[in-house]
Amino acid sequence: MYGLILAGAFWLFFAILERSKNINSLTPISKLEEKELIIRLSEGDADAFEKIYYIYAERVYYFALRYITNVSDAEEIVQEVFTRIWYNRQNINPDLSFSGYILTTTKNTIFNNNRKRINHQAYCKHVISYIQEHKHNVEDEVVYNDLMA
């Protein structure tokens, strides 16, 4: 069930991404229009999600580039942020600042990804040092060679 929901969210995101190549970003909207979009988003309206994407994607991208120097990583952050927004759409309070919500989500996503990367690097270093100390069987050597590749 979760896999179908995930596949649907990614399909929706990529469909919007493809359409956005031919459409200029929307002009800024009023707080009332933004609130209406958030309400429609919380009800599952894909068109509202698309408009929100057009309004905020560039801002999220450049915000991510402040913390991440790699362009492709920043693009992945944008994708992950909007996927999270779609999944958490029912929990978004339309009375609060959506701009603050989306930038906080972006910051938290960046920090979580960095934390995962750092933990993964530390784990790999630990495994490599352990295997170097205990190179006694073929399986350990295969794992060591895979990690070094």
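Predicted model: local features only at pLDDT ≥ 70, side-chain atom pairs only at ≥ 80, totals over all residues.
The protein contains six helices and zero strands, and its elements follow the pattern α-α-α-α-α-α along the sequence. Of its 149 residues, 31% are buried. Among contacts with a separation of 6 or more, 63% are accounted for by residues 24 or more positions apart.

Helix 2 spans residues 31-42 and helix 3 spans residues 46-67. The two pack at an angle of about 130°, and their axes lie 8 Å apart. Angles over 145 degrees count as roughly antiparallel and those from 65 to 115 degrees as roughly perpendicular; helix 2 and helix 3 are therefore oblique to each other. The crossing of helix 2 past helix 3 is left-handed. On the side of helix 2, the contact is formed by Glu34, Leu37, Ile38, Arg40 and Leu41. Their counterparts in helix 3 are Asp47, Ala48, Phe49, Lys51, Ile52, Ile55 and Tyr56. By class, the residues of this contact comprise eight nonpolar and four charged, with no polar residue.

In soluble globular proteins, nonpolar side chains tend to be buried together. In the present model, the largest nonpolar core has 26 residues. The members that touch the most other members are Leu41, Ile52, Phe82, Ile85, Phe98 and Ile102. Two or more residues are given to this core by each of helix 2, helix 3, helix 4 (71-87) and helix 5 (98-133). Helix 3 supplies the largest share, 11 residues. Leu41 and Ile52, listed above for the core, also take part in the contact between helix 2 and helix 3.

The surroundings of two residues were examined individually, with residues up to four places away in sequence not counted. Isoleucine 85 touches Leu41, Phe49, Ile92, Phe98, Tyr101 and Ile102. Among these neighbours, Leu41 belongs to helix 2 and Phe49 to helix 3, and both residues are part of the contact between those helices. Leu41, Phe98 and Ile102 are also listed, together with Ile85 itself, among the core residues that touch the most other members.

Threonine 106 is located in helix 5. Its relative accessibility is 0%, so threonine 106 counts as buried. The residues touched by threonine 106 are Val60, Phe63, Ala64, Ile77 and Val81.

Definitions and conventions:
Residues numbered from 1 in each chain as written. Heavy atoms only, no water. Axes fitted to C-alpha atoms, helices over the stretch in contact; angles between N-to-C directions. Helix = DSSP H or I, 4+ residues; strand = E, 2+ residues; numbered from the N terminus. Parallel < 35°, antiparallel > 145°, perpendicular 65-115°, else oblique. Left-handed = near helix turned anticlockwise from the far one by under 90°. Contact = heavy atoms within 4.5 Å. Nonpolar A, V, L, I, M, F, W, Y, C, P; charged D, E, K, R; others polar. Core = buried A, V, L, I, M, F, W, Y, C linked by side-chain atoms within 4.5 Å. Buried < 20%, exposed > 50% of the residue type's maximum accessible area, 1.4 Å probe, protein only.
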